Amino acid sequence: MRRGVAVSHVEGIGLGLRIEIAERTLSEPPAALRFVEIHPENYMRRGGRFRSVLERALDRFPVLSHGLTMGFGSSDPFDRDYLADLRELLRRIGAPWHSDHACFASADGVFAHDLLPLPWCERTLQTMTRRFEEARDALGVPLAVENVSYYAPSDRDETSEVEFLVALLERTDGLLLLDVNNVYVNARNFGFDARAFLDRIPAGRIVQLHVAGHLVRDDGLRIDTHGEAVCDDVYALLEHVLRRIGPRPVLLERDQSFPSWEALCAEIERLDAIYRRAVAHWQACQEAAQ
Ligand SMILES: [Fe+2]
């Protein structure tokens, strides 16, 4: 299926290819748009409109793949048919890597349809390491884990979330899809320093970034909805990360309550301006260090 665009080097600003905005994404993309990202669950085993949207996207943009159902912390065995079909889709779209979440998504065959956190402890680390390696072997592409937002901290934590993630990346020799909004939401809800968290992640492990908007409830709790505009603090954190790690693909996640097309394009242009400024700073630092 892959025909149009080389994906060996993806960077700059991308947008989630949601069916509600797919037509405008593909026919009137903002000038700064460099790639799109799909949830493969929406495109596997489907024809019709989904297949034609994917084929049009492949003609125009690099397409990255981000799964929703693998849940590296789940206890259920993987669905072998799902892994085989996903491997085939990743091959067809020329995916340079695939990502899914550091959470559990199902138990006893029942999917939570939410990304549920686990205690940050050695037992969870062993489960995630085993499943991450099993999935990577089955898919045949590099694999990245994404940090999630959560709302009920566990009383069985043995370490912090960031130290857990660093240990997981080292143990699996894996990659991280760093969701900056999720770090910010957790930091505000649970009172830790988002910049210190971001600075702790080894730059070489970070393969991609996510940004999104979140809801602030009346009681102050922040909920990761992907249905609001990105807030100023998350823009600032994104710039902070990019100045340290340099160019990476940065995806804007917008999954519901879509604004006008003009407003969405303006968000992408704002992200691109921040991206260019941060990467220029990173490049100047690289040159100064030589
Ligand atoms: Fe994300």
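Trainee: Across which strands does α6 lie, and at what angle does it run to β9?

Mentor: Please keep in mind throughout that this is a predicted model. Helix α6 lies across β8 and β9, and its direction makes an angle of about 60° with β9.

Trainee: Is α6 largely enclosed or open, and how many of its residues are buried?

Mentor: A residue is buried if 20 or more other C-beta atoms lie within 10 Å of its own. In helix α6 (residues 180-190), 8 of the 11 residues are buried, so the helix is largely enclosed by the rest of the structure. These buried residues are V180, N181, N182, V183, Y184, V185, N186 and A187.

Trainee: Which elements do the buried residues of α6 pack against?

Mentor: They pack against α5, β8, α7 (194-200), β9 (206-212), β11 (222-223) and α8 (232-245). Just after α6, G191 adopts a positive phi of about 75°.

Trainee: Let us turn to the strands. In what order do the 8 strands of the barrel close?

Mentor: Strands of a sheet pair through backbone hydrogen bonds, either parallel or antiparallel. In this structure, the barrel closes in the order β1-β2-β3-β4-β7-β8-β9-β12, with parallel pairing. Neighbouring strands of this sheet are turned against each other by 30° on average, direction ignored. The chain as a whole has 9 helices and 12 strands.

Trainee: How many bridges join β1 to β2, and what is the handedness of the crossover from β1 to β2?

Mentor: Strand β1 (residues 12-16) and strand β2 (residues 33-38) run parallel and are joined by 4 bridges. As one example of a pairing, I13 has L33 in β2 as its bridge partner. Between the two strands the chain passes through helix α1 (residues 22-27), and this β-α-β crossover is right-handed.

Trainee: Which helix belongs to the β-α-β unit of β2 and β3?

Mentor: The helix is α2 (residues 48-60), and the unit that it makes with β2 and β3 is right-handed. The pairing of β2 with strand β3 (residues 63-66) is parallel, over 3 bridges. Within this pairing, V36 has V63 in β3 as its bridge partner, while I38 stands opposite S65 in β3.

Trainee: How should I read the packing of two helices, and at what angle do α3 and α4 pack?

Mentor: One looks at the angle, the distance between the axes and the residues that meet. Helix α3 (residues 80-93) and helix α4 (residues 122-139) pack at about 55°, with 9 Å between their axes. The two helices are therefore oblique to each other. At their contact, L83, L86, R87 and L90 in α3 meet A135, A138 and L139 in α4.

Trainee: Where is I201 found, and is I201 buried or exposed?

Mentor: I201 is found in the loop between α7 and β9. I201 counts as buried because 20 C-beta neighbours lie inside 10 Å. Leaving aside residues up to four places away in sequence, I201 touches V166, L176, L178 and I206. As for E20, its C-alpha atom is separated from that of I201 by 34 Å, and the two residues are 181 apart along the chain.

Trainee: What is the phi of D173, and is D173 buried or exposed?

Mentor: D173 is a residue other than glycine, yet its phi is positive, near 50°. D173 sits in the loop between α5 (161-172) and β8 (175-179), and counts as exposed because 11 C-beta neighbours lie inside 10 Å. S257, also not a glycine, has a positive phi of about 45°. The place of S257 is the loop between β12 (249-253) and α9 (261-289). S257 is exposed, with 12 other C-beta atoms within 10 Å.

Notes
Residues are numbered from 1 along each chain as its sequence is written. This is a predicted model: local features need pLDDT of at least 70, side-chain atom pairs count only at pLDDT 80 or more; totals for chains, interfaces and linings use all residues. Two strands pair if DSSP finds at least two bridges between them. A crossover is right-handed if, with the strands pointing away from the viewer, the path from the first strand over the helix to the second runs clockwise. Axes are lines fitted to C-alpha atoms, for helices over the stretch in contact, and angles run from 0 to 180 degrees between N-to-C directions. Angles under 35 degrees count as roughly parallel, over 145 as roughly antiparallel, 65 to 115 as roughly perpendicular and the rest as oblique. Two residues are in contact if their C-beta atoms, placed from the backbone, lie within 7 Å.
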